[in-house]
Structure formats: C-alpha cells, structure tokens
Amino acid sequence: MTEDEHAIRELVENWFVSSRRGDLATVLDLIADDAIFMVAGKPPFDKAAFAAASREANAGAEHAPKVDGRYRIDELRVIGDWAYMRNFLEIDATPPGGETIRRSGHTLTIFRKAGGRWQLVRDANLVTLAH
C-alpha cells in the first residue's frame, strides 16, 4: 500500500470516527470547499448544504440520533493528485427511545490532494434503507 492510499484510508476512518462522535468540524475539514455531493432523488449539493443538513440533523443533541456504521473499501486507486474509491456502507441511526434505522449501499468518491493533504471533492452516494 502506498503512502497516499494509506492517507486516504485514514481519512475515511477519521470521517467515520468523527461522525460517530458528532464532530462535524472534523468531518467538514476532510471535505474540499468546492466539493459536490450526489444522492438519489435530490439535485447535487455543495459543502455548505452538506454542513447545513448535518447541523439540522444534529440540532438539539438530546434529540439527535446515535449514529454508527461500517464500511468496506472495495477499490481504491490513486492517479497523481487524484484518487477514486468504491465503497460499501452500512449506517445505523437510532433516535432516542426509537428503533434503529439501517441504510446501506455503495458510494463512489473522488479525492484530490492539495497542499500535501487529501480531501473529498465528489461523492455519489447510493445508500438507501436496508431491507
């Protein structure tokens, strides 16, 4: 495994750990300012919209769902200062006093290295309710 592949795998792990803790500031630092996100059924959105939706979902910490999950990196390729990753996610969200909702699916993520560090620049997320 190359140093760049290792750095990207650390970024993904850091994202998951920070998401579990509700540490949005760390997650946002892993995202380039010009990032674009794509999810089924919605138009593409930018980092600011991602941040706003994340803040709204976690407003009132006592009412925020507990988030956990797992991921499996199926493919990771580095091409110079660019990289792409195919990933499979399982995300569990449990509202206080509620039942866990599980979502799962595949993603395709593009990373860019700038200033010596990798950041997410594009993410196509096909995660849906798991059956």
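Buried means under 20% relative accessible area, exposed means over 50%, and partly exposed lies in between, with a 1.4 Å probe and protein chains only. The model is predicted: local features need pLDDT of at least 70, side-chain atom pairs count only at pLDDT 80 or more, and totals for chains, interfaces and linings use all residues. Residues are numbered from 1 along each chain as its sequence is written, and side-chain values use heavy atoms, with hydrogens and water left out.

**View 1. Helix 1, residues 3–21.** Helices (H or I, at least four residues) and strands (E, at least two) are DSSP runs, numbered from the N terminus. The buried residues of this helix are Glu5, Ile8, Leu11, Val12, Trp15, Phe16 and Ser18. The expected span of a helix is 1.5 Å times one less than its number of residues. For the 19 residues of helix 1 this gives 27 Å, and the end C-alpha atoms are 27 Å apart, so the two agree. Gly22, just after the helix, has a positive phi of about 75°.

**View 2. The largest nonpolar core.** A nonpolar core is a set of buried Ala, Val, Leu, Ile, Met, Phe, Trp, Tyr and Cys residues joined through side-chain atoms within 4.5 Å. Two or more residues each come from helix 1, helix 2 (24–29), strand 1 (31–39), helix 3 (47–57), strand 3 (66–79), strand 4 and strand 6 (117–125). Helix 1 gives the most, with 5 residues. In soluble globular proteins, nonpolar side chains tend to be buried together. Not counting residues up to four places away in sequence, Ile31 touches Trp15, Phe37, Lys47, Phe50, Gln119 and Leu120; contact means heavy atoms within 4.5 Å.

**View 3. Aromatic pairs.** Rings of Phe, Tyr and Trp (its six-membered ring) pair if their centres lie within 6.5 Å; planes under 30 degrees apart count as stacked, over 60 as edge-to-face and the rest as tilted. The whole structure holds 4 such pairs. Phe16 and Tyr71 are tilted, because their ring planes stand at 45°, with centres 4.7 Å apart. Phe16 belongs to helix 1 and Tyr71 to strand 3, so this pair ties together parts 55 residues apart in sequence. Phe16 is buried at 11% relative accessible area, whereas Tyr71 is partly exposed at 26%. Phe37 and Phe45 are stacked, 5.6 Å centre to centre with 15° between the planes. Phe37 is buried at 5%, and Phe45 is partly exposed at 22%. Ring pairs also link Trp15, Phe37, Phe45 and Phe50 into a cluster.

**View 4. Thr94 in strand 4, residues 82–94.** Thr94 has 24% relative accessibility and so counts as partly exposed. Its side chain makes a polar contact of 2.6 Å with that of Thr100. A polar contact is a pair of N or O atoms within 3.5 Å; within protein, one must be able to donate a hydrogen and the other to accept it, and residues adjacent in sequence count only if both atoms are side-chain atoms. Beyond four places in sequence, Thr94 touches Pro65, Lys66, Glu99 and Thr100.

**View 5. Asn125 in strand 6.** Asn125 counts as buried because its relative accessibility is 18%. Its side chain reaches the backbone nitrogen of Val127 at 2.8 Å. Neighbours within four places aside, Asn125 is in contact with Met38, Val39, Ala40, Leu89, His106 and Thr107.
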